[in-house]
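Here is a short briefing to read alongside the model. Have the sequence and the 3D view open, and follow the points topic by topic.

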Amino acid sequence: MDIKTLQENLARYGQEHLLKFWPSLTHDQRTLLYNDLASIDFAEVTDILQHCNLTPSTENGKLDELLQPIPDELHGRSSRTDPDLLKTYRTEGLRQVAEGRVAVLLLAGGQGTRLGVTYPKGMYNVGLPSQKTLYQLQGERIVRLEHLAEEVIGQRGTVPWYIMASEHTMEPTLEFFASHDYFGLRKENLVVFEQGMLPCFTFDGKMILESPWKIARAPDGNGGLYRALRKRGIINDMERRGIKYVHVYCVDNILVKMADPIFIGYCISKGANCAAKVVEKSYPMEPVGVVCKVAGKYQVVEYSEITSRTAQKCNPDGSLMFNAANICNHFFTLDFLRDVTNSNTLKHHIAKKKIPYTNDNGQKIKPEKPNGIKLEKFVFDVFEFTEYVLFKLPPGWSFYGFAASQNLPFLCGSIFHYSAPSVCQNGTTNGHGQYSGEYINDESIKPYLEKTVVCEISPLITYDGEGLEEFVKGKIFVPPVILNFQQGHNLHQCGANNIRSD
């Protein structure tokens, strides 16, 4: 260990205090601390700290004056688009999938703390009749999409699945996929990589010691994606595979349409290098971030930063002016990602947090109020570098490809909160119910109709409703029902006497 050089490096950046416990450490503890400090690029993290964005102090009323909606010519609406045009978008998206030019990238660094579990969110079972996890549902959608592209285009392509994990979720994620045979995907097409960790700082710029021999670190936010793409060689891997378009989304979304061909085709038709799929807000004060312009630059503004007066502003047709609800569902060209990952213009944001630390006596302290800062980026920070394009879905998220699963279920009045697992479950079954036709309202199933109607359709059967006629024609379903894929396209039902011939 070259302790002299390390001391000189720490002194250069004003971090000499990190060795204050050195004399009292054991040999093994010194080795751990030395390796921890040697892994830090002090020049990089010092530059990040000096150039980060401070928390905006602008009062909401003043921020309101800077807000502008996305221009009409830069967004389309699925509900107002001619069906033939939607079909054209879909065919173009499937062509790109068939030719192997599309990849999906999952932001999955978070643990399921708010769900009450200690494992990665993607391993969470939201309680569907099939007991499938988020990872399984998403993996099976990729498998079905590859088959669908082959059926429509006549050519089989692969959709590589990149998963950005964190220090805490990396190994469990790899083990989970291996133990489930990658849910039908090829092992080489699943690329799991780790997002970066940055040191935590005190308010006066000193790195915090979590223990006498370990630096306190935190993930650099979902916007750490761009740094990780460069450092982990992911951009190079995409280039090697011939990828041109990347769909980025968040693990919470149980209904996400992996590499949605309509969205992909729409973005290509507009010549977009960066785009978002959003959902129209259901009501003015809905607690969702909104994609808009701030002082001429595109970004996401959190609902807490928008006043009621601005949230209720309407267009001449009566629609909300600021109604593009962000659901972390984005399109990027590989060229755009390459440019932003090579750029140093993206700034980190400061987040004031309660960070456990070691005091001067070597005791670990858990503070009761914020005592330091974490440095993070947001995936939408790159919006300012593009002429943004939006693709809007109608209100009613669970029917149109979004339902989050990050919180435990609870009732809000008489309506389930949209981010509860119970509503993810209902969203999945209800969304599928619209594909599989009507339930027969007769006395034999009356008891079921007084409860939640459950109809779950395996992603391996259908991607967006295609091909269901062969499964449901001439049959009457008594819930709960699962339409599940088996060899030979057999129908599997859940429970007894829930399907009968007409």
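In this predicted model, a network of salt bridges links Arg90, Arg144, Glu151, Asp464 and Glu466.

- Arginine 90 and glutamate 466 form a salt bridge, and their closest N and O atoms are 4.0 Å apart.
- This pair ties together parts that are 376 residues apart in sequence, because arginine 90 sits in helix α5 (residues 83–98) while glutamate 466 belongs to the loop between β23 (455–457) and α15 (469–472).
- Glutamate 466 counts as buried because its relative accessibility is 16%, under the 20% limit.

- Lysine 297 pairs with glutamate 384 in a salt bridge, with 3.5 Å between the closest N and O atoms.
- Arginine 240 and aspartate 237 meet through their side chains in a salt bridge of 2.8 Å, N to O.
- About one helical turn separates arginine 240 from aspartate 237, because they are 3 residues apart in helix α9 (residues 234–241).

**Negative charge on the surface**

- Which residues gather in a patch of negative charge on the surface? They are Asp72, Glu73, Asp317 and Glu387.
- One of them, aspartate 317, is found in the loop between α11 (308–311) and β15 (324–333).
- Aspartate 317 counts as exposed because its relative accessibility is 52%, over the 50% limit.

**A buried aspartate**

- Aspartate 220 has its place in the loop between β10 (217–219) and α8 (225–231).
- With 1% relative accessibility, aspartate 220 counts as buried.
- Setting aside neighbours within four places in sequence, aspartate 220 is in contact with Gln195, Gly196, Leu198, Arg227, Leu375, Glu376 and Lys377.

**Positive phi angles**

- Most residues other than glycine have a negative phi, and the two residues below are worth a look with that in mind.
- Glutamine 131 has a positive phi, near 65 degrees, although this residue is not glycine.
- You will find glutamine 131 in the loop between β3 (102–107) and α6 (134–153), where its relative accessible area of 47% makes it partly exposed.
- Phenylalanine 183, also a residue other than glycine, has a positive phi near 50 degrees.
- The loop between α7 (170–179) and β5 (190–194) holds phenylalanine 183.
- Phenylalanine 183 counts as buried, at 10% relative accessibility.

How values were computed. Residues are numbered from 1 along each chain as its sequence is written. This is a predicted model: local features need pLDDT of at least 70, side-chain atom pairs count only at pLDDT 80 or more; totals for chains, interfaces and linings use all residues. Side-chain values use heavy atoms; hydrogens and water are left out. Patches are made of residues with over 30% relative accessible area and no salt bridge: like charges are joined within 9 Å, nonpolar side chains (Val, Leu, Ile, Met, Phe, Trp, Tyr) within 5 Å. Accessible areas come from the Shrake-Rupley method with a 1.4 Å probe; for residues, only the protein chains shown count as cover. Lys and Arg count as positive and Asp and Glu as negative; His and the chain ends are not counted. The place of a charge is taken as NZ of Lys, CZ of Arg, CG of Asp or CD of Glu. Helices (H or I, at least four residues) and strands (E, at least two) are DSSP runs, numbered from the N terminus. Buried means under 20% relative accessible area, exposed over 50%, partly exposed in between (1.4 Å probe, protein chains only). Contact means heavy atoms within 4.5 Å.
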